Amino acid sequence: MRSTFKILFYIKKNAVKTNGKAPVMVRLTLNGEIVQFSAKCEIEPAEWSPKAGKATGRSANAIKLNSLLDSFRANLTQHYREISDRDASVTAEKIRNAFLGLQTREDSLLDLFDHHLENLKVQIGKDISRDTYMKYLRTRSRLQEFMKYKYNISDIHLKEINHSFVCDFEIYIKTMHNCGQNSAAKFMQRLKSIIIMAKSNGWIKIDPFHAYKLHFEKSEREYLTEPELEAIMKKKFPIKRLEQVRDIFVFSCFTGLAYIDVLNLRESNIRTTFDESLWLIGKRTKTGVSYRVPLLDVPMQIINKYKETLPNDEILPVIS
């Protein structure tokens, strides 16, 4: 349906000031919706043409006022076009707020996402990992792609996000990015955290996730048999890089440490206990929970293999 957007300038005759001038007002009409606000300028009623919606005559004041109103019209039209291209729906109130600078950075989904990303970025290495930051960044990218693909918009106001938007996004990442159920649920989980943030701050009243249920499928994790692990340990690799990857994998098998915890291991994590045995002692990066892992023969052999060959007190050549 074609939008009917109109801009009208008029004077408020019933509010003439003591100096004899009346304030100039702006009226925006879009598809029957009307909003009005002050143009922050004034003129004597006798110098105003209601039919033309501008000052009459060629005086310096009339030329200056008409030039200002022309500038207002151009700016309002530009805001109308930008909002039409960006949002799923455009209203006269949105145009007025954009013109008056009343919008906040949390008005739209991607603006709020960017604000959250800024907060996450300064916490990397303290309260969160870089991997968490990158997952939110990837979710933002997928949302931007989805809105362009599904609605041909670059962003959406938080109040316009509904249950249909949420369900369509899940279908998009499953079909267009071949995500399995659990991977898709992780994307939806991160989107939901942004929506919860918006609701907690009072930017939205209705939760689009209200009738949506996050669903994770229980996955059966396979494990290596002892002969399979031995085959990997005995395998001869012609490329040193692959040999290093194998060594790190075997080290994780015998210690139970996650990739990120192995990456962060340093000489200071190797401790000697009261019975003279060696242990790996530290805190898990993801949870902050302390761990104490006995150094068995195989992981100790791997550590000794790379001893004094690595910089920065590292004990293993962990690749990305």
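Predicted model: local features only at pLDDT ≥ 70, side-chain atom pairs only at ≥ 80, totals over all residues.
An α-helix has 3.6 residues a turn, so residues three or four places apart point the same way. H6 itself spans residues 181-200, and its 20 residues reach 28 Å from the first C-alpha to the last, close to the 28 Å expected at 1.5 Å a residue. Just after H6, glycine 202 adopts a positive phi of about 80°.

The largest nonpolar core comprises 32 residues, of which Leu109, Leu143, Phe165, Phe169, Ile173, Met188 and Leu191 touch the most other members. Two or more residues of this core come from each of H3, H4, H5 and H6. The greatest contribution is that of H6, with seven residues. When residues up to four places away in sequence are not counted, phenylalanine 169 touches Arg142, Leu143, Phe146, Phe187, Met188 and Leu191. Apart from this core lies another, of 28 residues, which include Phe9, Val35, Phe72 and Val90. In soluble globular proteins, nonpolar side chains tend to be buried together.

Tyrosine 259 belongs to helix H9, which covers residues 259-263. The relative accessible area of tyrosine 259 is 44%, and this residue is therefore classed as partly exposed.

How values were computed. Residues numbered from 1 in each chain as written. Heavy atoms only, no water. Helix = DSSP H or I, 4+ residues; strand = E, 2+ residues; numbered from the N terminus. Buried < 20%, exposed > 50% of the residue type's maximum accessible area, 1.4 Å probe, protein only. Expected span 1.5 Å × (residues − 1). Core = buried A, V, L, I, M, F, W, Y, C linked by side-chain atoms within 4.5 Å. Contact = heavy atoms within 4.5 Å.
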